[in-house]
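Here is a short report for a reader new to this structure. Look over the sequence and the model first, then read on.

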Amino acid sequence: MLRKLHYSISVLSLLLIGFAAVYWHDGNLPPLKPAVRYVVLFLYASWFVAYWRIILCRESSFDWSRLWPWVVVPAFFLCFTPPIFSGDLYEYLIRGRILSIYHQNPYVAFPKDFPNDLLRPFSIWITNPDAY
């Protein structure tokens, strides 16, 4: 029971990553500010301990089909977490949208030139042309 409680608290702590990034006004490109870095490090350590405790529970009668909720629930919470560590991915996506949807050259056009784009809020290099 204590293992399940620890894991549940660890899953709910996923929301702290987004809160920490917003509270300390941190972007989604490392290096993170030290406060956010420590929050994320603590959460990763907590998740590791929760996972380790579940794995150590190797009872012979353990029903592995009961493990699915422990996978689906964290995935659900991750869907609502802001893209903190995926700055490059969003940059590649917005550069692709500049080329394919707006028919502009991503080496010349800036993301700031497309303020109504869906991915524009996630762009971290809005005033730089594509660097590659």
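## The nonpolar core

A nonpolar core is a set of buried Ala, Val, Leu, Ile, Met, Phe, Trp, Tyr and Cys residues joined through side-chain atoms within 4.5 Å. Buried here means under 20% relative accessible area. The model is predicted. Its largest nonpolar core has nine residues in all: V11, L14, I17, A20, V36, V40, L43, W47 and F77. Two elements give two or more residues each to this core, helix 2 (14-23) and helix 3 (34-56). Helix 3 gives the most, with four residues.

Which residues does A20 contact, leaving aside its neighbours within four places in sequence? They are V36 and V39. V36 is itself part of the core.

## Overall layout

The protein has five helices and zero strands. Read from the N terminus on, the order is α-α-α-α-α. There are 132 residues, and buried ones make up 31% of them. Contacts also reach along the chain. Of those with a separation of 6 or more, 58% join residues 24 or more positions apart.

How confident is the predictor? The mean pLDDT of the protein is 77. A value of 70 or more is reached by 80% of the residues. Among the elements, helix 1 (residues 2-12) has the lowest mean, 71. Helix 5 (residues 87-100) has the highest, 87.

## Helix 3

Helix 3 has 23 residues. At 1.5 Å a residue, they should span 33 Å. The end C-alpha atoms are 33 Å apart, which agrees.

Which residues of helix 3 are buried? They are V36, V40, L43, S46, W47, A50 and I54. Among them, V36, V40, L43 and W47 belong to the largest nonpolar core.

## W70 and Y51

W70 is placed in helix 4 (residues 68-78). With a relative accessible area of 22%, W70 is partly exposed. W70 and Y51 are 19 residues apart in sequence. In space, their C-alpha atoms are 9.9 Å apart.

The buried residues of helix 5 are G87, Y90, E91, I94, R95 and I98. Where do they sit around the axis of the helix? Seen down that axis, they fall within an arc of 135°, so they line one face of helix 5. An α-helix has 3.6 residues a turn, so residues three or four places apart point the same way.

## Two salt bridges

How many salt bridges does a search of the whole structure find? It finds two. Side chains of opposite charge can pair when their charged atoms come close.

D117 lies in the segment after helix 5 and R97 in helix 5, so the pair ties together parts that are 20 residues apart in sequence. D117 is buried, with a relative accessible area of 4%.

## A positive phi at H103

Most residues other than glycine have a negative phi. H103 is not a glycine, although its phi is positive, at about 55°. Where is H103 placed? H103 lies in the segment after helix 5. Its relative accessible area is 65%, so H103 is exposed.

Note on methods:
Residues are numbered from 1 along each chain as its sequence is written. Side-chain values use heavy atoms; hydrogens and water are left out. pLDDT is the predictor's confidence in each residue, from 0 to 100. Buried means under 20% relative accessible area, exposed over 50%, partly exposed in between (1.4 Å probe, protein chains only). Contact means heavy atoms within 4.5 Å. A salt bridge is a side-chain nitrogen of Lys or Arg within 4 Å of a carboxyl oxygen of Asp or Glu. The arc is that of the directions from the helix axis to the C-beta atoms. The expected span of a helix is 1.5 Å times one less than its number of residues.
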